[in-house]
Amino acid sequence: MINSENITQYIKDTAVHGDIYTDEEIFKQEMTSIFEKTWVYVGHESEIANSGDYKTTVIGTHPLIVTRDSDTDEVHVVFNRCRHRAATVCQQEKGNANYFRCAYHGWTYSNNGDLTGMPFQDGYGEEFDRCKMGLIKVPRVGIYQGFIFASLSEEGPTLEEHLGNARPYIDYVVNTCPEGISLNAGAHKYRFDGNWKLQVENTIDPYHLSVTHRSFFNLMSKKTGKKINFSKMHKNEKIRDLGNGHSLYELDGDLGIGALPFNLIVFPNLGFLGSQVRVTWPVSVNKTNVFLYPIMLKGASVEENAARLRKHEGFYGPAGFGTVDDLEVGFDRVMEGLNAKGKDGEWLEISRGLEREEVDEKGIITATSSDEVSARALYKAWKKLMTADDSNVETRGKKHEPTVGRP
Ligand code: FES
Ligand SMILES: [Fe+2]
């Protein structure tokens, strides 16, 4: 059985064991030790801009609804689970509704989670308190620059502390446009048969660009007449370990795949790259859902936003050149290769550039862009959470207090 002590045998400073991508017990432990403990991104305010707007999402494998209260405009994050017999009460990706009515026996909840009615209520005894039977709220919700995060843990760092050195880069994304940004244009979605960490790692892995995406960059060279010098690029570009599992890749010039001058990973599963916000949902140990939300500039012309979308689609879109390369080479082939378990051959390297890292006065670790700084940053946070001894902390499997009805 995996626990906070024996998990250490799967991770070293220079390599991670292949089982962390394939072992179901390790996946379950990740869901409780990481996704139920840290802050997880659940949506952007622009997706629920109006009173009564909602979207469904997940934290780890918990289905949730993010709503904007019809009366107060407050943002709520509630478990998508009927208090009667556990059916999900909302199946739509997004919409606007004052109420969620469970389709099984008809219990009805307002969009702040309160239970407002059920058919044939006289069947319940005097002890039954409707005020205590609302949809369960997640213990903590925080909003940073319009990005909504939730934590299933009642304790732990504040959202600001968790975001730490990643904050100025989130500020940058939002300040791209004086009127702000919107993530309400829909999303590209895909599912792959592989572990969620492969997608997160791949969000900052410039080492693979000139190999996996060679055909794309060859085509770009033909189109623009400019050839990318990858050796020079890797000398000039930097990757930074921002702490708490977050990392940053600073681009040198325009690779032709988007608008942001950096890729940013916000641990555990949020990314900013190109012109998109990327959200990775673990489904099971070998299934992952990915959502790419194009970042639209509020108040910008239709042409400007359309140009951003076209550039995004060219590399990341369903008929683009980039995502398909990554899906086959970076995920399918890795999952296939992980089945080969020869003695001493079960470790995946994350050591590249370890000896040329530099640390500044803030503790930010930097090396060049072909180095595996980002993977090391990810696995430092992974290890910290996976090995945290929570035997004295009653957060795991904690009973959340029932939602109390509004006065
Ligand atoms: S499961 Fe929702 S009303 Fe019965
Ligand atoms: Fe890629």
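Predicted model: local features only at pLDDT ≥ 70, side-chain atom pairs only at ≥ 80, totals over all residues.

**Entry: iron site**

I asked which protein atoms are donors of the iron ion (ligand 2).

Next I checked the geometry. The angles subtended by the four donor atoms run from 58 to 144 degrees, which makes the arrangement irregular. For a tetrahedral call, all angles would have to lie between 85 and 135 degrees.

Then I read the spacing along the chain. The donors follow H-x4-H-x112-D. His208 sits in the loop between helix H4 (196-203) and helix H5 (209-212). Asp326 belongs to helix H9 (residues 322-337). The pair is 118 residues apart, so I noted a link between distant parts of the chain. Buried or exposed, I asked of His208 and Asp326? Both are buried.

I looked at strand S5 (residues 75-79) and found five of its five residues buried. In a regular strand the side chains alternate between the two faces of the sheet. In S5, Val75, Val77 and Phe79 point one way, and His76 and Val78 point the other way.

Strand S4 (residues 62-68) pairs with S5 in the antiparallel sense, over five bridges. I located Val66 opposite Val77. The hairpin of S4 and S5 has six residues between the strands, and Asp73 in this hairpin takes a positive phi near 70 degrees.

**Entry: sheet S2-S11-S10**

I traced an open sheet of three strands in the order S2-S11-S10, paired antiparallel. Its edge strands are S2 (40-44) and S10 (140-144), each pairing on one side only. The twist averages 30 degrees from one strand to the next. S10 and strand S11 (residues 147-151) share five bridges. Gly142 stands opposite Phe149 of S11.

**Entry: sheet S7-S8-S9**

I traced another open sheet of three strands, ordered S7-S8-S9 with antiparallel pairing. Which strands are the edges? They are S7 (99-101) and S9 (115-117). Neighbouring strands are turned by 35 degrees against each other on average, direction ignored. Three bridges join S7 to strand S8 (residues 108-110). I noted Thr108 in S8 as the bridge partner of Arg101.

Terms used. Residues numbered from 1 in each chain as written. Chains lettered and ligands numbered in written order. Heavy atoms only, no water. Donors = N, O, S within 2.8 Å, 3.2 Å for Na, K, Ca; no water. Tetrahedral: all angles 85-135°; square planar, octahedral: opposite > 155°, others 65-115°. Helix = DSSP H or I, 4+ residues; strand = E, 2+ residues; numbered from the N terminus. Buried < 20%, exposed > 50% of the residue type's maximum accessible area, 1.4 Å probe, protein only. Pairing = 2+ DSSP bridges. Axes fitted to C-alpha atoms, helices over the stretch in contact; angles between N-to-C directions.
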